[in-house]
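Colleague: I am new to reading protein models. Could you walk me through this one, feature by feature?

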Amino acid sequence: MASSSVGLGMACLLLVSCMAVPSLAKVYTVGDSSGWTTGVDYSTWTSGKTFKVGDSLVFNYPSSHTVDEVSSSDYSSCTVGNAITTDNSGATTIALNKAGTHYFICGVVGHCANGMKLAVKVEASNDKPSTTTPSATTTTKAPDSSSWRVSPLMAVVTAWVALFLMVIS
């Protein structure tokens with residue numbers, strides 16, 4: 001009986017410690033509540049933000065737009081049709097897996113020239129090694145600009161429940 005309560009206590013302690021460690025990666029919703037659309041100054045949106053390897057960009061947009069990752073020269077000239085990756089699902093998540101500057105435009109003719117272009121400088125993360133893997137594109141919805149985290153209150157409550165279970169076992 002004593003060994004089972006020690007095992008249960010250790011399992012609960014492990015669960016609490018996993019919940020209390022904050023996520024280091026951040027999820028940024030491009031354009032915040034405005035999303036990926038014309039009329040947004042994405043240079044201003046990126047100012048003050050530090051993007052690191054492991055972070056993600058979430059593009060939310062109507063079906064009249066695309067998210068194209070492009071080369072530096074295609075970004076500068078707003079050249080469409082040469083995308084490294086492209087998506088038009090309305091909800092595109094780009095995992096920033098490589099340090100360096102990543103360039104995105106809307107592939108609809110004229111939209112890039114009207115401001116739908118984003119350059120993101122990604123720094124190598126101290127806790128995650130930089131890789132040469134290209135950015136991955138997936139389609140998901142993200143509720144906001146911050147990564148999911150467990151509140152400290154939830155961690156404390158879980159710790160008390162674990163302690164209570166250990167005592168009654």
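Modeller: We will go from the overall fold to the rings, the cores, the cysteines and some loop residues.

Colleague: What should I know before I start?

Modeller: This is a predicted model, where local features need pLDDT of at least 70, side-chain atom pairs count only at pLDDT 80 or more, and totals for chains, interfaces and linings use all residues. Residues are numbered from 1 along each chain as its sequence is written, and side-chain values use heavy atoms, with hydrogens and water left out.

Colleague: How many helices and strands does the chain have?

Modeller: Start with the rule. Helices (H or I, at least four residues) and strands (E, at least two) are DSSP runs, numbered from the N terminus. Here the chain has four helices and nine strands. Along the sequence, their pattern reads α-β-α-β-β-β-α-β-β-β-β-β-α.

Colleague: What share of the residues counts as buried?

Modeller: Buried means under 20% relative accessible area, exposed means over 50%, and partly exposed lies in between (1.4 Å probe, protein chains only). The chain has 169 residues, and 33% of them count as buried.

Colleague: And how do I read contacts along the chain?

Modeller: Contact means heavy atoms within 4.5 Å. Take the contacts between residues at least 6 apart in sequence: 78% of them join residues at least 24 apart.

Colleague: Now the rings. How many aromatic pairs are there?

Modeller: A pair of aromatic rings is described by the distance of the centres and the angle of the planes. Rings of Phe, Tyr and Trp (its six-membered ring) pair if their centres lie within 6.5 Å; planes under 30 degrees apart count as stacked, over 60 as edge-to-face and the rest as tilted. A search of the whole structure gives six aromatic pairs. In one of them, the ring centres of W45 and F51 are 6.0 Å apart and the planes are at 40°, so this pair is tilted. W45 and F51 are both buried.

Colleague: Can you show me another pair?

Modeller: Look at F59 and F104. Their rings are also a tilted pair, 5.4 Å centre to centre with 55° between the planes. F59 is in strand β3 (residues 56-60) and F104 in strand β7 (residues 100-105), so find them 45 residues apart in the chain. Both are buried. F59 and F104 also belong to one aromatic cluster with W36 and Y42.

Colleague: Which charged end sits over the ring of Y75?

Modeller: A charge sits over a ring if NZ of Lys or CZ of Arg is within 6 Å of the ring centre and within 35 degrees of the ring normal. For Y75, it is the charged end of K117, 4.4 Å from the ring centre.

Colleague: How do I read a nonpolar core?

Modeller: In soluble globular proteins, nonpolar side chains tend to be buried together. A nonpolar core is a set of buried Ala, Val, Leu, Ile, Met, Phe, Trp, Tyr and Cys residues joined through side-chain atoms within 4.5 Å. The largest one here has 20 residues, and V30, W36, F51, L57, F59 and L118 touch the most other members. α2 (42-46), β3 and β8 each supply at least two residues of this core. The largest share, three residues, comes from β8. A second, separate core has five residues, including V70, Y75, Y103 and I105.

Colleague: What does F51 contact beyond its sequence neighbours?

Modeller: Leave aside the neighbours within four places in sequence. F51 is then in contact with residues including Y28, W45, L57, L96 and V120.

Colleague: Which cysteines form a disulfide?

Modeller: A disulfide is a pair of cysteine sulfur atoms within 2.5 Å. The structure holds one. C78 and C112 form it, with their sulfur atoms 2.1 Å apart. The angle about the S-S bond is -65°, and the link is left-handed. C78 is in the loop between α3 (72-77) and β5 (85-87), while C112 is in the loop between β7 and β8 (117-123), 34 residues apart.

Colleague: Which loop holds D32?

Modeller: D32 is in the loop between β1 (27-29) and α2. D32 has a positive phi of about 50°, although it is not a glycine. D32 is partly exposed, with a relative accessible area of 34%. C78 has a positive phi too, of about 55°, and is not a glycine.
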